[in-house]
Amino acid sequence: MNYINKLFCMDNLQLLKQLPENCINLIYCDVLYNTGRTFKDFKDQLGPPDQAIQWYQSRLIEMQRILKENGLLYIHCDCNLSHYLKIELDKIFGIDNFRNEIIWWYNSAPRKKKDFGKRHDTIFRYSKTKNYYFNS
């Protein structure tokens, strides 16, 4: 199947399992944040962090499998799961293949009276091997 310039509306785990090994140069994944909120098209609710990470584990394993030897993975998340995802990514991709943590700061969060406003997301960058391709 030709996957170039195609849009797939399906569970990403189903799609990942259809792809051959070592076939993708770059994966950018804006994950469910596990906020507990219900949106028009989906529920952002995966349960407690350990259940959420179990849900992600099979997807992350498949992402590692399909990534080319010189490929990069970017996982976009927020404070609800970032610490747990980092640990799982270290297990699957290896601590030595963690490349960087990008903090995406924004100023659009509402001010709160009894707490700090949420003002950043985290994007983890991992490679499959030390021989990764990076185009600045």
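**Exercise 1. Which helices and strands each supply at least two residues of the lining of the largest pocket?**

Work this one out on the predicted model.

*Solution.* 
- Step 1: get the overall layout. The chain holds three helices and four strands, and along the sequence they run α-β-α-β-α-β-β.
- Step 2: pick out the contributors. Helix H1 (12-18), S1 and H2 each bring at least two residues to the lining of the largest pocket.
- Step 3: find the top contributor. That's S1, which gives the most to this lining, with six residues.
- Step 4: look at the pocket itself. Its space comes to about 880 Å³, and 31 residues line it, with Cys-29, Asp-30, Val-31, Leu-32 and Tyr-56 closest to its centre.
- Step 5: sort the lining by class. You get 21 nonpolar, three polar and seven charged residues.

**Exercise 2. Find the largest nonpolar core and say which elements build it.**

*Solution.* 
- Step 1: size it up. The largest nonpolar core has 24 residues, and Val-31, Leu-60, Met-63, Leu-73, Ile-75, Leu-85 and Leu-89 have the most contacts inside it.
- Step 2: Two or more residues come from each of strand S1 (24-30), helix H2 (49-66), strand S2 (67-77), helix H3 (82-93) and strand S4 (120-127). H2 gives the most to this core, with six residues.
- Step 3: zoom in on one member. Setting aside residues up to four places away in sequence, Leu-73 touches Ile-27, Met-63, Leu-67, Leu-89, Phe-93, Phe-124, Arg-125 and Tyr-126.
- Step 4: Nonpolar side chains tend to be buried together in soluble globular proteins.

**Exercise 3. Is Arg-59 buried or exposed, and what does Arg-59 touch?**

*Solution.* 
- Step 1: locate the residue. Arg-59 sits in helix H2.
- Step 2: check accessibility. Arg-59 counts as buried because its relative accessibility is 4%, and the cut-off for buried is under 20%.
- Step 3: list the contacts. Skip the neighbours within four places in sequence and you're left with Asp-11, Asn-12, Leu-13 and Leu-16.
- Step 4: A polar atom of the Arg-59 side chain lies 2.9 Å from the backbone oxygen of Trp-55.

**Exercise 4. Describe the chain as a whole.**

*Solution.* 
- Step 1: take the dimensions. The C-alpha atoms fill a box of roughly 50 × 30 × 30 Å along the principal axes.
- Step 2: check burial. Of the chain's 136 residues, 36% count as buried.
- Step 3: check contact range. Among contacts between residues at least 6 apart in sequence, 71% join residues at least 24 apart.

Conventions:
Residues numbered from 1 in each chain as written. Predicted model: local features only at pLDDT ≥ 70, side-chain atom pairs only at ≥ 80, totals over all residues. Heavy atoms only, no water. Core = buried A, V, L, I, M, F, W, Y, C linked by side-chain atoms within 4.5 Å. Buried < 20%, exposed > 50% of the residue type's maximum accessible area, 1.4 Å probe, protein only. Contact = heavy atoms within 4.5 Å. 1 Å grid on protein atoms, 1.4 Å probe; cavity = no way out; pocket = protein on both sides within 12 Å on 5 of 7 lines; lining within 4 Å. Points joined across faces, edges and corners; volume = space filled by probe spheres on them. Nonpolar A, V, L, I, M, F, W, Y, C, P; charged D, E, K, R; others polar. Polar contact = N/O pair within 3.5 Å; in protein donor to acceptor, adjacent residues only side chain to side chain.
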